[in-house]
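Student: I have a structure to go through. Can you help me read it?
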Amino acid sequence: MTTGLFISFEGIDGAGKSSHIEALAQAFRDQGRVVTLTREPGGTPLAEKLRTLMLHDAMDPLTEALIAFAARRDHLVQVIEPALARGEVVICDRFTDATFAYQGAGRGFDLGQLAALERMVQTGTAPQPHLLREPDLTLWFDLPAAVAAERLATARVPDRFEAQPGEFFARVARGYADRAQAAPARFARIDANASRHAVWQQVVQAMVRKGWLAIMVGTKTADTREQA
Ligand SMILES: Nc1ncnc2c1ncn2[C@@H]1O[C@H](COP(=O)(O)OP(=O)(O)O)[C@@H](O)[C@H]1O
Ligand SMILES: Cc1cn([C@H]2C[C@H](O)[C@@H](COP(=O)(O)OP(=O)(O)O)O2)c(=O)[nH]c1=O
């Protein structure tokens with residue numbers, strides 16, 4: 001049977017992830033793979049309720065971190081692990097790196113305690129009892145906070161996170177950089193300060209380097225898909 005793949009997209013709000021997630025899912029489908037496209041917080045009925053609370057209700061950093069991990073546990077058990085067991089490609093808009101970047105670096109919550117929660121929540125869900133479930137690859141959309149803020153200024157009504165000041169996103173961006181430095185084999189850095197087409201090319205190259213997509217997919221860009 002085909003081995004499942006777990007791919008996460010990460011980056012500060014406005015980095016441009018959403019523009020490419022569906023295009024990547026389609027590229028895998030074009031090559032005959034079944035794709036589960038999902039997101040965090042969210043991905044199950046319970047986790048989507050927790051997402052609504054997290055994005056709109058005021059709370060302290062510990063509550064925020066616990067809600068993120070509670071939603072993640074349900075998502076892992078109900079959706080991610082079963083899809084990986086079926087050999088599917090799971091593409092997830094954010095995962096645990098977001099908790100380290102937003103609740104850790106952004107809000108200042110203790111990173112050691114987050115690591116303990118990560119172990120508790122992400123161990124024991126996979127068939128291998130001691131495996132800490134993590135993405136096989138994380139596409140990190142790296143963009144200066146000031147550029148992301150310019151992009152978001154006209155884009156949409158801000159939620160609790162998007163309404164944060166520039167310094168918050170500068171800290172979150174550093175949080176992502178620290179996570180990437182700590183696990184370089186898992187991260188593919190995408191220079192998000194480029195045209196949509198150039199960003200898409202980098203996404204495809206990251207997949208080709210892993211041997212997960214054939215090179216021909218790179219001829220289809222997120223732009224051409226949007227126009228289709
Ligand atoms: N490469 C790019 N260059 C300029 N603007 C972009 C680019 N990619 C996305 N955008 C725009 O920036 C905003 C945020 O993009 P989005 O994909 O929603 O980011 P994210 O999902 O990372 O928060 C949107 O208005 C989008 O149209
Ligand atoms: C997964 C996760 C997301 N978040 C935040 C980051 C985002 O601001 C927000 C939702 O992410 P996202 O789905 O990217 O929002 P949008 O649909 O507006 O593009 O939740 C955390 O703070 N901690 C987490 O663990």
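Student: What should I know before we start?

Tutor: This is a predicted model, where local features need pLDDT of at least 70, side-chain atom pairs count only at pLDDT 80 or more, and totals for chains, interfaces and linings use all residues. Residues are numbered from 1 along each chain as its sequence is written, and chains are lettered from A and ligands numbered from 1 in the order in which they are written.

Student: OK. How many residues does the largest nonpolar core have?

Tutor: The largest nonpolar core has 44 residues. A nonpolar core is a set of buried Ala, Val, Leu, Ile, Met, Phe, Trp, Tyr and Cys residues joined through C-beta atoms within 7 Å. Buried means that 20 or more other C-beta atoms lie within 10 Å of a residue's own; 12 or fewer is exposed, in between is partly exposed, and C-beta atoms are placed from the backbone.

Student: Which helix gives the most to this core?

Tutor: Helix H8, residues 196–210, with six residues. Helices (H or I, at least four residues) and strands (E, at least two) are DSSP runs, numbered from the N terminus.

Student: And what other core is there?

Tutor: Another core, of nine residues, lies apart from the largest one, and Leu50 and Phe69 are among its residues.

Student: Switching topic. At what angle do H4 and H5 pack?

Tutor: About 155 degrees, with the axes of H4 (residues 96–106) and H5 (residues 111–122) 11 Å apart. Axes are lines fitted to C-alpha atoms, for helices over the stretch in contact, and angles run from 0 to 180 degrees between N-to-C directions. H4 and H5 are therefore roughly antiparallel, a term for angles over 145 degrees.

Student: Which residues make the contact?

Tutor: Thr96, Thr99, Phe100, Gln103 and Gly104 of H4, and Leu111, Leu114, Glu118 and Gln122 of H5. Contact means that the C-beta atoms of two residues, placed from the backbone, lie within 7 Å.

Student: Now Ile190. Is that one buried or exposed?

Tutor: Ile190 is buried, because 27 other C-beta atoms lie within 10 Å. Ile190 sits in strand S5, residues 187–191. Leaving out residues up to four places away in sequence, Ile190 touches several residues, including Trp140, Phe141 and Val203.

Student: And what does Arg174 count as?

Tutor: Arg174 counts as partly exposed, with 14 C-beta neighbours inside 10 Å. Arg174 is in helix H7, residues 166–182. The C-alpha atoms of Arg174 and Asp142 are separated by 9.8 Å, though the two are 32 residues apart along the chain.

Methods:
Angles under 35 degrees count as roughly parallel, over 145 as roughly antiparallel, 65 to 115 as roughly perpendicular and the rest as oblique.
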